[in-house]
Structure formats: structure tokens, C-alpha cells
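I opened this notebook to record what I looked up in the structure. The entries follow below.

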Amino acid sequence: QVHLVESGGGLVQAGGSLRLSCKASERTFTEKGMGWFRQVPGKDREFVAAITWGGGGTTYYAESVEDRFKISRNDYMNTMYLQMNRLEPQDTAVYYCGADDVIYNPQFYTTHRDPKTYDYWGQGTQVTVSS
């Protein structure tokens with residue numbers, strides 16, 4: 001069982017920045033695809049960004065964030081990050097990190113935008129962007 005703990009959310013003005021962290025409880029974190037999603041009340045969980053395993057990791061972004069957000073991971077710390085810059089009010093949501101349970105899953109390259117790909121989720125962290 002993998003436990004994921006997000007942190008770093010908060011209230012920020014439009015144009016500001018936040019960095020979210022997601023710490024995993026196990027070492028095999030380094031061998032699995034990870035992602036960030038967000039959700040607002042009444043809507044489905046929305047893909048934000050994903051990163052594959054490996055030293056650098058292949059990264060993927062939703063079109064709405066690709067020039068403002070950056071996903072990264074520090075395998076020594078078992079931690080994934082989401083650096084969010086130039087935040088907009090429409091970025092307001094609860095942000096969740098997720099982890100695939102399959103080591104080196106080749107399907108992750110094509111299924112990373114689907115929440116069903118992820119077997120474990122954190123508890124979520126609220127991000128609120130004021131205008």
C-alpha cells in the first residue's frame with residue numbers, strides 16, 4: 001500500500017506562484033508513473049500533469065497549464081512536485097497526486113491523462129487563487 005501526502009496548497013493572488021509537494025511512502029516510487037489532477041465541486045477530476053519514472057522522466061501537461069506549471073520528481077526524497085506560476089482564478093481547485101501501481105508500466109505513456117490509471121491518491125490540497 002502506497003501512501004501519498006500532498007502539501008503546499010494555499011491562498012494566492014492571481015499572477016502568483018505555489019509549489020505543491022507529494023511525498024510517497026515507499027521506495028518503488030522511483031519506478032512508477034505519477035501525476036497531478038485537480039477537482040472542483042460538481043466536476044470530474046481533471047488531468048494537470050504527469051511524469052514517468054527514470055532520472056529525468058518524460059513529462060506531460062494539460063494544455064491549460066503547459067506554459068505555466070512544471071512537474072518534477074526527486075527520487076532520493078520520494079517526492080514529486082508541481083511548480084505553479086502565473087496562477088489564474090480558474091486554477092482554483094483541490095489538487096491531488098496519484099501513483100500508478102505498476103512498475104515501468106508501458107501503458108502509462110498513453111493513459112496518464114485518465115484517473116483510472118492511478119491506483120493510489122493523496123488526500124488533496126486546496127489551491128485558491130483570488131482575482
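Which residue takes a positive phi in the hairpin of strand 4 and strand 5? I found that Gly42 does, with phi near 85 degrees, and that six residues lie between the strands of this hairpin.

I noted that the model is predicted: local features need pLDDT of at least 70, side-chain atom pairs count only at pLDDT 80 or more, and totals for chains, interfaces and linings use all residues. Residues are numbered from 1 along each chain as its sequence is written, and side-chain values use heavy atoms, with hydrogens and water left out.

Entry on pairing. I took strands as DSSP runs of E of at least two residues, numbered from the N terminus, and counted two strands as paired if DSSP finds at least two bridges between them. Strand 4 (residues 34-39) runs antiparallel to strand 5, and five bridges join them. Arg38 stands opposite Glu46 in strand 5. On strand 6 (residues 59-61), I found antiparallel pairing with strand 5 over three bridges; there, Thr59 is the bridge partner of Ile51.

Entry on burial. I used buried for under 20% relative accessible area, exposed for over 50% and partly exposed in between (1.4 Å probe, protein chains only). Strand 5 (residues 46-51) is largely enclosed by the rest of the structure, because five of its six residues are buried.

Entry on the disulfide. I searched for cysteine sulfur atoms within 2.5 Å and found one disulfide. Cys22 and Cys97 form it, with their sulfur atoms 2.1 Å apart. The pair links distant parts of the chain, with Cys22 in strand 3 (residues 18-24) and Cys97 in strand 9 (residues 93-99), 75 residues apart. The S-S torsion is about 65 degrees, so the disulfide is right-handed. Cys22 is buried at 0% relative accessibility, and Cys97 is buried with a relative accessible area of 0%.

Methods:
Helices (H or I, at least four residues) and strands (E, at least two) are DSSP runs, numbered from the N terminus.
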